[in-house]
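Please keep the sequence and the structure in view while reading.

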Amino acid sequence: MRIRSALSAITLVLGVLFAPGFGVFGGATDAQAATKVSHATATSMFSSSGITWSSSGGCSDRYNSTCTSFDQLNLDSAKGAQTLRSATGCGLNITGGTETGHAGGTYSHWNGYKLDFGKSTCVTNYIKNTFAYIGVRGDGAPQWKSGSGNIYADEGNHWDVTYYNCGGC
């Protein structure tokens with residue numbers, strides 16, 4: 001009986017020490033701890049919400065910059081797009097996902113935190129009239145911040161959105 005108790009205690013201690021994002025040795029950042037979805041899961045979520053997507057290459061290969069991929073997209077990013085669609089009532093077309101070719105960084109397209117949306121008067125008016133203007137990004141893109149903390153950057157021909165959460169889903 002003592003051996004079983006000792007083994008249970010060791011298992012609990014090791015679980016705490018090595019738990020991803022929590023343990024002393026876990027060291028996971030928020031970017032690593034996000035729940036990821038597959039391209040198929042994301043497209044199913046988007047379709048069910050009336051969100052469309054397109055790519056200049058007509059493809060979804062994550063390793064091809066002319067494609068629009070949702071492979072390894074954060075679940076909160078997909079939900080955030082659904083929240084935006086529901087809140088605005090606007091048509092949304094995603095033109096950029098997790099494919100290669102975007103700027104790097106922790107909160108990047110590649111790491112599943114960003115989506116690009118095609119510009120429309122409806123979406124632009126909603127963002128500019130609902131969210132707080134927070135100034136220009138380092139590259140000169142004007143930015144707006146939603147109440148939930150997500151950032152919407154106007155990159156001229158599209159909106160570059162950084163989803164830190166699902167936007168109040």
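At 63% relative accessibility, Tyr63 counts as exposed, where exposed means over 50% relative accessible area, buried under 20% and partly exposed in between, computed with a 1.4 Å probe on protein chains only. The model is predicted, and local features need pLDDT of at least 70, side-chain atom pairs count only at pLDDT 80 or more, and totals for chains, interfaces and linings use all residues. Residues are numbered from 1 along each chain as its sequence is written, and side-chain values use heavy atoms, with hydrogens and water left out.

**Aromatic pairs**

Rings of Phe, Tyr and Trp (for Trp, the six-membered ring) pair if their centres lie within 6.5 Å, and the planes count as stacked under 30 degrees apart, edge-to-face over 60 and tilted for the rest. By this rule there are 11 aromatic pairs, and two of them are set out here.

| Pair | Centre to centre | Angle between planes |
|---|---|---|
| Phe46 and Phe70 | 5.0 Å | 75° |
| Tyr63 and Trp110 | 5.6 Å | 65° |

Phe46 lies in helix H3 and Phe70 in the loop between strand E2 (52–53) and strand E3 (73–74), so this pair ties together parts that are 24 residues apart in sequence; helices here are DSSP runs of H or I with at least four residues, strands are runs of E with at least two, and both are numbered from the N terminus. Phe46 is buried, with a relative accessible area of 0%, and Phe70 is also buried at 0%. Because Tyr63 lies in the loop between E2 and E3 and Trp110 in the loop between strand E4 (93–96) and strand E5 (114–118), their pair ties together parts that are 47 residues apart in sequence. Trp110 is partly exposed, with a relative accessible area of 33%, and the charged end of Arg62 sits over its ring, 3.5 Å from the centre. A charge sits over a ring if NZ of Lys or CZ of Arg is within 6 Å of the ring centre and within 35 degrees of the ring normal; the charged end of Lys119 likewise sits over the ring of Trp159, 5.7 Å from its centre.

**Core and helix H4**

The largest nonpolar core has 23 residues, and those with the most contacts inside it are Phe46, Leu73, Leu115, Phe117, Tyr152, Trp159 and Tyr163. Such a core is a set of buried Ala, Val, Leu, Ile, Met, Phe, Trp, Tyr and Cys residues joined through side-chain atoms within 4.5 Å. H3, H4, E5, H5 and strand E9 (158–162) each supply at least two residues of this core. The buried residues of H4 (residues 75–88) include Ala78, Ala81 and Leu84, and among the elements that cover the buried residues of H4 are H3, E3 and helix H5 (121–130).

**Glu155**

Glu155 is found in the loop between E8 and E9 and is partly exposed at 31% relative accessibility. Its side chain makes polar contacts with the side chains of Arg137 (2.3 Å) and His158 (2.7 Å), a polar contact being a pair of N or O atoms within 3.5 Å, where within protein one must be able to donate a hydrogen and the other to accept it, and residues adjacent in sequence count only if both atoms are side-chain atoms.

Key:
The expected span of a helix is 1.5 Å times one less than its number of residues. Contact means heavy atoms within 4.5 Å.
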